[in-house]
Amino acid sequence: MPLPNWLRTTLLTLGSIAVTLLGLLFVTFVIGRVMPIDPVLAIVGERASQSTYDAVFQELGLDKPLIVQFGYYIWDVIRLDFGTSLLNARPVSEDLARVFPATLELATLGIFIGIVLGVPLGVVAAVRKGSWIDQVARVVALVGYSMPIFWLGLMGLLIFYGILGWVGGPGRVGIFYVDVVPSVTGMILIDAALDGNWDVFKNAFSHIILPASLLGYYSLAYISRMTRSFMLEQLSAEYITTARVKGMSEWDVVWKHAFKNIRVQLITVIALSYANLLEGSVLTEIIFSWPGIGSYITTALLSADMNAVLGGTVVVGLIFIMLNIFSDLLYKVFDPRAR
Amino acid sequence: MADASGQTGGLRAWLLTDTPTSRRHARISALYQGWLSFRSNTMAMVGLGILVLLVLIAFAAPLLAPHDPFAQDLGNRLAPLGAPGHVLGTDSLGRDILSRLIYGARITLYIVALVALIAPIAGLLVGTVSGYVGGWVDMVLMRITDIFLAFPRLVLALAFVAALGAGIENAVLAISLTAWPPYARIARAETLTIRKSDYISAIRLQGAGPLRIITTHIWPLCVSSLIVRVTLDMAGIILAAAGLGFLGLGAQPPSPEWGAMISEGRRFILDHWWVATMPGLAIFTVSLAFNLLGDGLRDVLDPKASE
């Protein structure tokens, strides 16, 4: 008996998700194995006796065949056990849970700025194709694609913090505001608001606004370009001509007809750039001393803390893959043409 | 090819003819017409100009650089812009920033050239084999491609560099490892459309094996869309390489790599802004040039993709 269509699609999708996840784990596993660092020595130290070395060697399962080791690795990841960090001897998963909200907060504010500015800019650029505003939008996007983000961040710090003093410097809050509000969500803006402590909120906002605007600018460049090309496609369709002929106002033609039809495509684009912000904020976090997952991975990398690096990579990879799949699904659910 | 039309109507007419007299004539003529339409795109020409200049600077670095890029002068640290003998000032070890930028152009070109060779060729191999052979080979190769596409690129490059060790060559390898999947996708799509065409069947009937068909009849047709994509990706590659250099995972000091120079200047950004600003401007200019050139090339080679 053949499977019903929807079940087949679901199974296929689940299968491809599983394969992709397995591939991610395989790559991080291989990276962990080819590292020139001996994981046993890293734990027991240079002066351990041979018997201690052997005991740990077996404890880590390194005497088993590689395929069995890979199986152990998958089992560990499923239980969210990424081993302990060599730097602070704490479980990597705890560290990740601590740093992740900082990245989430930054990326979310960034994508918000990108959407609020990028979508209208793209729509206007499409409606007034060839006008000065279209040219401006083009230049804004081109510069965004060409500018090294870490350099723009440095320039932003120099101008808005160093010279003008409009924003807070690196870090999430000023030194007098650290740990003032209880950590509920791990996102300082929300925690401060929950606590009703608006001083902390203001201070945290002055620190986050510059890096978030920076990330916002990068997603704006992409979002506005995509919005423009989606809108151009719709505006040249016949139903738009019909709407205009029957005397509909330009505002309604653009927003109620054309824009309505690009919403699904747009959500896909936004989901993708959100995923990019979550991973791409590595350099921004370094510049702004932002204690997120990007700085965590980089710091771990520079001190050869492989458990932390691989744990972080797996988590970022998982989020990235999930957002990709999510945007695919969204497309299929909301756009009957894609089914 | 000195045929009659070439002599009577001049070179231009020979190049623009509608009735080419040989295969080579047709090819040269198509190239020339592409060049004409490319030349009318001012921005693309600007991009090309900047890149030609960059190549010249890189080649003539020893002649152009006013100082040795590694020569330290601790008595003249952090000299500002326009200081005597140092137009762009000096860095924290008293090295001339202009000279370091000029020599840094070599490193940038080196990285770009290597990645631009490795990634598209790897993608071309995977994509054409996958598209031509089909079946389970196609399924396996495309799944692998999807897995790499689904990865966060910078983080993956970071993890690779961590495994391989810091350095320019490893940075190139890491960037290439994360850059090849889109090329494989493009090459596969092209192969799928070509595979079923009559001329491939004709060659096959003449007894050509798969290797010959792929290398001499499919690859040449995939090249133009790959070139466009590579040019558009160059900016991203430069930014990724600079990012790795900035994190201390790419070129190692005292190498005058632009990203590493920014990282060095970062410490004095508030008091001596030019140390980090100048290399950033250099990176921006070059990646902007690649973007402009890529847009122009796309319009010429792949009119469908441009709006």
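Reply:
**Helix H8 of chain B**

The buried residues of H8(B) are B:Arg153, B:Leu154, B:Val155, B:Leu156, B:Ala157, B:Leu158, B:Ala159, B:Phe160, B:Val161, B:Ala162 and B:Ala163. Here a residue is buried if 20 or more other C-beta atoms lie within 10 Å of its own, exposed if 12 or fewer, and partly exposed in between, with C-beta atoms placed from the backbone. The model is predicted: local features need pLDDT of at least 70 and side-chain atom pairs count only at pLDDT 80 or more, while totals for chains, interfaces and linings use all residues. Residues are numbered from 1 along each chain as its sequence is written, and chains are lettered from A and ligands numbered from 1 in the order in which they are written.

With 11 of its 12 residues buried, H8(B) is largely enclosed by the rest of the structure. Helices (H or I, at least four residues) and strands (E, at least two) are DSSP runs, numbered from the N terminus. H8(B) covers residues 153-164 and reaches 16 Å from its first C-alpha to its last, close to the 16 Å expected at 1.5 Å a residue; the expected span is 1.5 Å times one less than the number of residues. Just after the helix, B:Gly165 takes a positive phi of about 100 degrees.

Leaving aside neighbours within four places in sequence, B:Ala157 is in contact with B:Ala174, B:Ile175, B:Thr178, B:Ala240 and B:Leu244, where contact means that the C-beta atoms, placed from the backbone, lie within 7 Å. B:Ala157 also stands out in the largest nonpolar core: of its 170 residues, B:Ala157, B:Leu158, B:Ile175 and B:Ile238 touch the most other members. Such a core is a set of buried Ala, Val, Leu, Ile, Met, Phe, Trp, Tyr and Cys residues joined through C-beta atoms within 7 Å. H9(A) gives the most to this core, with 17 residues. The core also draws at least three residues from each of domain 1 (5-78) and domain 2 (95-294) of chain A, with bounds from an automatic or database domain assignment. The centres of those two domains, taken over C-alpha atoms, are separated by 37 Å.

Helix H9 of chain B (residues 168-195) deserves a look too. Its 28 residues should span 40 Å at 1.5 Å a residue, which agrees with the 39 Å between its end C-alpha atoms.

Stepping back, chain B has 13 helices and zero strands, and 43% of its 307 residues count as buried. Its C-alpha trace spans about 75 × 55 × 35 Å along the principal axes. Chain A comes to 14 helices and zero strands, with 40% of its 339 residues buried.

Finally, the two chains meet: 39 residues of chain A are in contact with 34 residues of chain B. H14(A) gives the most to the chain A side, with eight residues. By class, that side has 27 nonpolar, 11 polar and one charged residues; Ala, Val, Leu, Ile, Met, Phe, Trp, Tyr, Cys and Pro count as nonpolar, Asp, Glu, Lys and Arg as charged, and the others, Gly among them, as polar.
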